[in-house]
Every structure is written in structure tokens, then in C-alpha cells.
Amino acid sequence: MNLYSVEEKDYSGKRVFMRVDFNVPIKEGKVVDDTRIKASLPTIKYLLEKGASLILASHLGRPKGKVVPEMSLKVVAERLQELLGKEVKFVPDCIGDEVKKAVENLQKGEVLLLENLRFHKEEEEGDENFAKELASYGDAYVNDAFGTCHRKHASVYTIAKFCEDVAAGFLIKKEVEVLTKLLTDPEKPFLLILGGAKVIDKIGIIKNLLDKVDTIITGGVMAYTFIRAKNWEIGDSKIEEEAIPLAKEIIREINKRHLEFHTPLDHIITNKVSEDAHYFPTERGTIPLGWIGVDIGPQAIEEYVDCINRAKTIFWNGPMGIYEIKPFAKGTLEIAKAIANTDAFSVVGGGDSVAAVNEAGVADKISHICTGGGASLEFLSKGTLPGIEILQKK
Ligand code: ADP
Ligand code: MG
């Protein structure tokens, strides 16, 4: 994929409007995890070194078009200032006269962060006038917010209509490079690990990846939906009913292609989803009525670790169980450790999946951690994203 890149452009003396992903967790007015801010630093520093001034814009949370003080980016400006070791100016809106004035006063080498884009509903609507105003602040546009590139929002998609000079930052370039490699030239066998809860959102990517992957292993609500599609008993385990027709179709396609496909051989079941619940492994893959599957069982772990050890390329999205509850986290943590222990090229995407990898303490042993869960899945399924398309060389 041939994207316009910041390295091939001249930013000296230019104002750059840069879309970043500063959607970080905030508790009691403090940034509790600054991974995303740190991830944008290489591009920010590079542009400043090249003589640009920067207007940074991001969303934070889901304020739904209204001003929500707890979702203000002001605390992010403070954290960025510490990380960058230089002043970061802040304006309490992202469009309007005050912003215009701050932009006009911005000197070479200075950084200005705008307030949460989603305080205006026009951002998520992809509104043209809103995008045009954002575009007017910069002589050039740079996007480094991979996690939002699957959305046709004003600051990641519509804005391109009003910018002549567009480019991808280093973060987007890296994500696209890694995911494109997975799609076009994966070393075989290619193992896809799918778990988690958002089955409807995700099951479509399996269909689109059937021609690429050799082995699929499943856990979580995803697995229970497939098991149900095979008409096996899953007791009171959580499934997404609407996904069953597609699950059935995928099973047929998998059989046609003779792919290796696994649902868990056994499960950890409980009758109450809580820390102090009774729980135990099942003997087989079915779950009696009144019981809930909350993790993959010991036999499943053994089988999945074997699949992981045979793989040369691995993509993982979605925990194997309710990993937030300690007694039900084992399957997910064992999978994370097994991936870390192989030499396979491994990519993990998705908020909860990445959190689990961090909890297992193996993040540095994963080849690539995707900053965007939904965005990485959609990229794998479609080969591109709206926000990436606009950065492509024509
Ligand atoms: P990601 O954030 O990595 O994309 P998801 O958001 O799709 O993953 O799924 C993560 C959620 O799935 C977690 O909150 C976890 O508790 C839940 N989950 C996993 N297995 C089960 C299960 N068997 N029953 C209910 N919820 C589950
Ligand atoms: Mg999640």
C-alpha cells in the first residue's frame, strides 16, 4: 500500500494539522495509561524537528456531541507537555474564533492541542463544514490516529476533501505495514485466534480471512456461538444469537476448504459469574443447562498451545474467557504466554486482548501490538480503511 508519508514532505515553516489518537483512560482527572500519547511522539517530534508548528486534534471517549467536562483533553495536554519536555498550548474548543486566533499566533516549533473533537456532533457525522474549518487551520494534514481510521469521521475522512497536502504518520505507516504483511505474505501456517464478546462485529472477518488462514481456534462468546451453531449444548453460556446463521455458513466454508477449526474441547463452568463462585472444568465440550462457560478448560489450553507452537504467523483478537475475574483468566493468560514463547510473527489487537497481554507481562514478546482493535480487524477483513484510503497516492 503506497501512502503519502511524512518523510517525503517538506514541513519547514508550515502549520500542520495532525489527527492523533489521545483517547486515553482518565480517572479522577489524571491520565492512567499514556501508551497512546507516547505512541504519537515519534511523529510529533519529527515534525517539530523539521520546522513545523503543530495543531493536534483528537477525540476522547463518547461525549456524543456535547461538552462533557470529564472528557476534556486538558489533562492530556499536561501529560503531553511532560512527555515532550516543551510547552503544549491548549484551547477549550476545536473550532471557532478562539481556535483561529490561537492558530494564527502559533510560532514555528510550537504545539497547540485542541479540545475534544467529539464535543461537536459534526465530527462523528463527518460533516463537511466542520471538516473544512479544521482543514483551514493547517497548511498540511497528517494523520497518526490508526484506531479511528475505520470511521468516516470529519477529522479522519471528510477533511481530505479540503487538504492538498496529506500524509500518514509513523504509527499509521507501521500498522498498515504489519497488517498488509499479514494479508499478503504470511508465513504458513497462519493461525487466527478469535475470542471475546463482540461476535456480530467480528464474525464477518473470519469469513473474509478463510482464504488466508490455515487454522482457527476460538474462545469466549465467539466459541459458544459456534458451538451453538453446531447444535451442541452450551447451557446458559453467553452467545450472540443473531450471529448463528453466519456461524453456520462459516462452518460450511471451513469444511469445504478442509481448514483446521477448533472450539474448546472442555470449559471452565460456573453457576455464578463472580470472584467467589464455584467453578470446575467440564469433561467434554458440551455444557449442562444451568451452567455458564466462562473460560476454556485444561484440555482446550493444551490443544490451543499445540496450535500456537505449530504456527508461523498468529493474529489474536478476543480473550478466551471472562479474564477480568481472576479464576476465569487462566485460559487467556496461558494463550498470551504461549504466543510470547514462540518464534512466530505475532500480532495482537483489541483493547481487552492487549490488556490481557499486559497482565500476562509478555507485551514485549509480541511482534506487534495494534493500537486499534476494531480498526485492525476491519483492515484485515477489507484490506483498507476509509481513513487510510485518503492517504493513498493516486
Ligand atoms: P477486545 O477488546 O480484545 O476486542 P472484546 O471486547 O470483543 O475483545 O471481548 C472482551 C470481553 O469478552 C471481556 O470483557 C470478557 O469478559 C468477555 N468474555 C470473554 N469470554 C466470555 C464468556 N465466556 N462469557 C461472557 N463474556 C466473555
Ligand atoms: Mg473490548
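Mentor: Start with strands β15 (residues 313-317) and β16 (residues 345-348), which pair in the parallel sense over four bridges. Keep in mind that this is a predicted model.

Trainee: What makes β15 and β16 a pair?
Mentor: Pairing takes at least two bridges between two strands. β15 and β16 have four bridges, so they qualify under the rule of at least two. One of the bridges joins T313 to F345 in β16.

Trainee: In which sheet do β15 and β16 sit, and in what order do its strands run?
Mentor: The order is β11-β10-β9-β15-β16-β17, an open sheet of six strands with parallel pairing.

Trainee: Why do β11 and β17 count as edges?
Mentor: β11 (260-262) and β17 (368-369) each have a single partner strand, so one side of each has no neighbour in the sheet.

Trainee: How do you know that α6 packs on this sheet, and at what angle to β16?
Mentor: Contact means heavy atoms within 4.5 Å. α6 touches β9, β15, β16 and β17. The direction of α6 makes about 120° with that of β16. The helix itself spans 170-184.

Trainee: What follows α6, and where is P189?
Mentor: P189 is in the loop between α6 and β9 (190-194).

Trainee: What makes the peptide bond from K188 to P189 cis?
Mentor: Omega is near -5° for that bond. Most peptide bonds are trans.

Trainee: Which residue has a positive phi although it is not a glycine?
Mentor: N231, with a phi of about 65°. Most residues other than glycine have a negative phi. N231 sits in the loop between α8 and α9.

Trainee: Why are α8 and α9 called roughly perpendicular?
Mentor: The label covers angles from 65 to 115 degrees. The axes of α8 (residues 220-229) and α9 (residues 244-257) cross at roughly 75°. The two helices are therefore roughly perpendicular to each other. Their axes come within 9 Å.

Trainee: Which residues make that contact?
Mentor: From α8, they are T225, F226, R228 and A229. From α9, they are I244, A247, K248, I250 and I251. By class, the contact has six nonpolar residues, one polar and two charged.

Trainee: What is the other sense of pairing, and which sheet shows it?
Mentor: Antiparallel pairing is found in an open sheet of three strands, ordered β13-β12-β14. β13 (279-281) and β14 (292-296) are the edge strands, since each pairs on one side only. From one strand to the next, the twist averages 30°.

Trainee: How do you know that β12 and β14 are paired?
Mentor: Count the bridges again. β12 (residues 267-270) and β14 share four, in the antiparallel sense; the rule asks for at least two. In β14, D295 is the bridge partner of I268.

Trainee: Which helix lies across these strands?
Mentor: α10 (residues 298-310) lies across β12, β13 and β14. Its angle to β14 is about 40°.

Trainee: What makes S353 a polar contact of ligand 1?
Mentor: The cut-off is a pair of N or O atoms within 3.5 Å. An oxygen atom of ligand 1 is 2.5 Å from an N or O atom in the S353 side chain. S353 meets the cut-off of 3.5 Å.

Trainee: Which backbone atoms also qualify?
Mentor: A polar backbone atom of K198 is 3.3 Å from a ligand 1 oxygen. For G351 the distance is 3.4 Å, again from a polar backbone atom to a ligand 1 oxygen.

Trainee: How many residues surround ligand 1?
Mentor: 18, and the closest are A197, K202, E324, D352 and S353.

How values were computed:
Residues are numbered from 1 along each chain as its sequence is written. Chains are lettered from A and ligands numbered from 1 in the order in which they are written. This is a predicted model: local features need pLDDT of at least 70, side-chain atom pairs count only at pLDDT 80 or more; totals for chains, interfaces and linings use all residues. Side-chain values use heavy atoms; hydrogens and water are left out. Axes are lines fitted to C-alpha atoms, for helices over the stretch in contact, and angles run from 0 to 180 degrees between N-to-C directions. Angles under 35 degrees count as roughly parallel, over 145 as roughly antiparallel, 65 to 115 as roughly perpendicular and the rest as oblique. Ala, Val, Leu, Ile, Met, Phe, Trp, Tyr, Cys and Pro count as nonpolar, Asp, Glu, Lys and Arg as charged, and the others, Gly among them, as polar. A residue is near a molecule or strand if one of its heavy atoms lies within 4 Å of it. A polar contact is a pair of N or O atoms within 3.5 Å; within protein, one must be able to donate a hydrogen and the other to accept it, and residues adjacent in sequence count only if both atoms are side-chain atoms.
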